[in-house]
Amino acid sequence: MSGQPDTVGEQRPLFEWDWVGRNMDRIGERVVEHLELTGVAVASGVLIALALAMVSLRWRRLHAVILGIGGVLYAIPALAAFAFLVPIFGLSFPTAVIPLISYTILILVRNIVTGIDQVPGDVREAARGMGFTRARVFRKVELPLAVPVIVAGTRISAVTTIGLVTVTSILGVGGLGAFILQGFRTLPIYPTPIVVGVVASVLLAILVDLALLLTERALTPWARRGSA
Amino acid sequence: MSIFDQLVSWLREPNRWSFSHPDGLPYRVIEHLQVSVTGLVLAVLIAVPLAVVLAHHRKGAFLASAAVNIGRAIPSFGLIIIFWLAASRANIDTTFWPLTLAMTALALPPLFTNSYTGVQIVDPATVEASRGVGFTEMQILRRVEIPLALPVILAGARIAFVQIVATVAIGAIVSDGGGLGRPIVDGFAQGATGYGAVLAGGIAVAFLALLSEALFTVLERAAVPAGIRRMSATAIARR
Amino acid sequence: MNEPMIRFDAVTKKFAESAEPAVHELSLDVAEGEIVVLVGPSGCGKTTTLRMINRLIEPTSGKITVNGVDISTTPAHVLRRGIGYVIQQVGLFPHHTIHQNIAAVPDLLGWGRDDVQRRVTELLTLVGLDPDWGTRYPAELSGGQRQRVGVARALAADPAVLLMDEPFGAVDPIVRARLQRELLALHRQVRKTIVFVTHDMDEALLLGHRVAVFNTGGVLEQLATPVELLASPANDFVASFLGDDRALKRLALLGIAEDTLARGPAVQAGEGTDAARKVMREHGTEWAVVLDGERLRGRIDLPALRDGHPVGEQELRPVETMVRRDGNLRGALDAIVSSPDRMVVVLGADDVYLGMLTLEGLTAELAG
């Protein structure tokens, strides 16, 4: 860690394939850790956001308040959030995951509410007219029809979270960021783990995005027929 | 010593309020803002002209949607590291420019997408009418499309800038700079005795991010053309 | 005849995405000060034709001249500054005040501030808006008012030609009727050459000096005055587009000719009851209209006559069915049919009695 150009010893090559071969097991572990953090954060985020969205839909005035708080949480830098939580939880999983959850709230609540708001009034009216209870309308009509918008929000949250999880490595909770840290804490700088960490994180984001997209298509068979 | 005591005693250490000494909190605020503002300005200069011209000609729509997705998938930490690595290989000082350019790269997607969308959603009838009365394409862009798109462009700048302010701090992990991230990262390195520094940096950077958000929100509102503001006011009143 | 203001010479427009041309070999002249309405079903190329005049669309082949000049030789934006353009969605600049909107072209042309101010005030008055409204924004105006501003903006630099693309398509029927009347009044004042696109045949017949009926594929089926069009449509397409009530529409375009009017049972106020009875007998009616000199005072029925009291001393009943001399035959027919006496009284200026029109008279007028 120096402001001066790295001149210590020889430079290592930018990428060494045999490092990857030697470290396949560790890469696998790191990916699992990365996915665990992402999964816990996004799943908790979706559950919390769903609850907050229902509150927003029931009491419209609270919607702006909830979005306002979500906006503030979203604007707080990850490093600052860690700074606030480390004194309480130490360098631990909760310290890493709580900020990650908080970043998903804004996007998810907004998308769930928008998704349900855009359900055509006549569809809702028809369901009510057939004797659906309010709760049943929500579960059977509004929520399914809002799936594309909700999944869109989840995709954004998941991809953003995967990127942020690389930073949580400074808390020593693992994930692909650990490779990045390892790479530049070694002297001379070891670029291979850095490249592996970054590239794997990007690939993971793309794959998770794709998986969620396929989930959406499976959940909304009606959206594909007819319009295509 | 409680966390609060640690914070107070850290703030009382020598040079803590210096603008010129690297230990100073104000020094780090300035550094943080230098990186952030330079990064944003460079991104604006690159992304906005490109986006508005492309949007005017309805070209490159895929870029607008792909940009944000790519931007999200690339971890900002990775971006910082890559620029830092490149600078260190090229024997360039790693304190300012690699981090700043990483911030520019980070800001490009939201700026590009918002500028593109902002121009694209201008009512086609308005553009048609301005062409019909004899505006040149440049005049349409400058007098009609850009003023009407300005709030959306500024929203992109807000998103980009808040993201930059948050991310500059991460730069402290890899470089000597990193603005307000410096005390946080150094504090972490000291373990339990460093909480005062961690907390001070955390509060300062959170405050800076929220302040930036608030300032840009005000700017955004001010940029909404008066005629549109009245329109949305009546639209809300009608509901 | 003078050089036409606008001339289409064998103009064809093909769009890349479709095999059929949007406009096919169109030749058309528009005289100075004339209103030509392009009408037809959607996809007939009427809007394409209009938009070729200000080069928003470039023709594939053929030549268009405005005021004798081939428009392809003038830079598009320069050409457009000399041609007013009004569209259905109006397209006012939402971020500009009414004043700034109307001043758009004068500003482009570099007019001085005072000239612009004077012109904006003049135009607001011309289109029937309060000149003080210049400081308002488009969002504060109703649809009809916005369309008036759109017309004012198009007229701002005093262009010789005005292009209007379904300008009244988005306003409600009552406002539309008013805007149509105002456009005709405006035209009488400023005498612009107007090319007007609509899909509404009634609007075309009302506004056009000549109407060009287009068919799909951009074919001009007929170009004629409204009366000619209704009297002798060129083919079945034109006839069906004119509608089943073609004859009635034609009546609406025909004025009342004074020489087909009958004098009818009319007595002068002050004449004796015998004279009145005689007039009624001669016309086979049990009523007569009462005149005071040339002017109509009312009507009197046979049972109301009292011997020894000259006509006019009794209470007169108002004449319920009458039309003005400058009305049209359709209004007259409507009045005749709804009158129990099967006639309509026709009045000139200052309530001067001109005569009566009956079904027979109306038939004679159509034949003549």
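Guide: Contact here means heavy atoms within 4.5 Å. The model is a predicted one. Let us start with the chains.

Visitor: Which chains share the most contacts?

Guide: Chains A and B do, out of the two pairs of chains in contact.

Visitor: How do you know whether chain A and chain C are joined or apart?

Guide: Their closest C-alpha atoms lie 21 Å apart, and no contact joins chain A and chain C.

Visitor: What makes up chain B, read along the sequence?

Guide: The pattern is α-α-α-α-α-α-α-α-α-α. That is ten helices and zero strands. The C-alpha trace of chain B spans about 70 × 50 × 30 Å along its principal axes. Of its 239 residues, 54% count as buried. Take the contacts in chain B with a separation of 6 or more: 71% of these come from residues 24 or more positions apart.

Visitor: Which residues of H3(B) and H5(B) make the contact?

Guide: From H3(B) come Ala61(B), Leu63(B), Ala64(B), Ala67(B), Val68(B) and Gly71(B). From H5(B) come Pro109(B), Phe112(B), Thr113(B) and Tyr116(B). Eight residues of this contact are nonpolar, two are polar and none is charged.

Visitor: How far apart are Gly118(B) and Pro151(B) in sequence and in space?

Guide: In sequence, they are 33 residues apart. In space, the distance is 7.9 Å, C-alpha to C-alpha.

Visitor: What makes H5(A) parallel or antiparallel to H7(A)?

Guide: Helix H5 (residues 93–117) of chain A and helix H7 (residues 134–168) of chain A pack at about 150 degrees, with axes 8 Å apart. The cut-off for roughly antiparallel is over 145. So H5(A) is roughly antiparallel to H7(A). The crossing of H5(A) with H7(A) is right-handed. The residues of this contact divide into 16 nonpolar, eight polar and one charged.

Visitor: How do you know how much of H6(C) is buried?

Guide: Ten of its 13 residues are buried, so H6(C) is largely enclosed by the rest of the structure. Among them are Gly144(C), Gln147(C), Arg148(C) and Leu155(C).

Visitor: What span is expected of helix H6 (residues 143–155) of chain C, and how far does the helix reach?

Guide: At 1.5 Å a residue, 18 Å is expected. The helix reaches 19 Å from its first C-alpha to its last, close to that value.

Visitor: What is Thr49(C) in contact with, leaving aside its neighbours within four places in sequence?

Guide: The partners are Phe8(C), Val23(C), Leu26(C), Leu38(C) and Phe214(C).

Technical notes
Residues are numbered from 1 along each chain as its sequence is written. Chains are lettered from A and ligands numbered from 1 in the order in which they are written. This is a predicted model: local features need pLDDT of at least 70, side-chain atom pairs count only at pLDDT 80 or more; totals for chains, interfaces and linings use all residues. Side-chain values use heavy atoms; hydrogens and water are left out. Helices (H or I, at least four residues) and strands (E, at least two) are DSSP runs, numbered from the N terminus. Ala, Val, Leu, Ile, Met, Phe, Trp, Tyr, Cys and Pro count as nonpolar, Asp, Glu, Lys and Arg as charged, and the others, Gly among them, as polar. The expected span of a helix is 1.5 Å times one less than its number of residues. Buried means under 20% relative accessible area, exposed over 50%, partly exposed in between (1.4 Å probe, protein chains only). Axes are lines fitted to C-alpha atoms, for helices over the stretch in contact, and angles run from 0 to 180 degrees between N-to-C directions. Angles under 35 degrees count as roughly parallel, over 145 as roughly antiparallel, 65 to 115 as roughly perpendicular and the rest as oblique. A crossing is left-handed if the near helix is turned anticlockwise from the far one by less than a right angle, and right-handed if clockwise.
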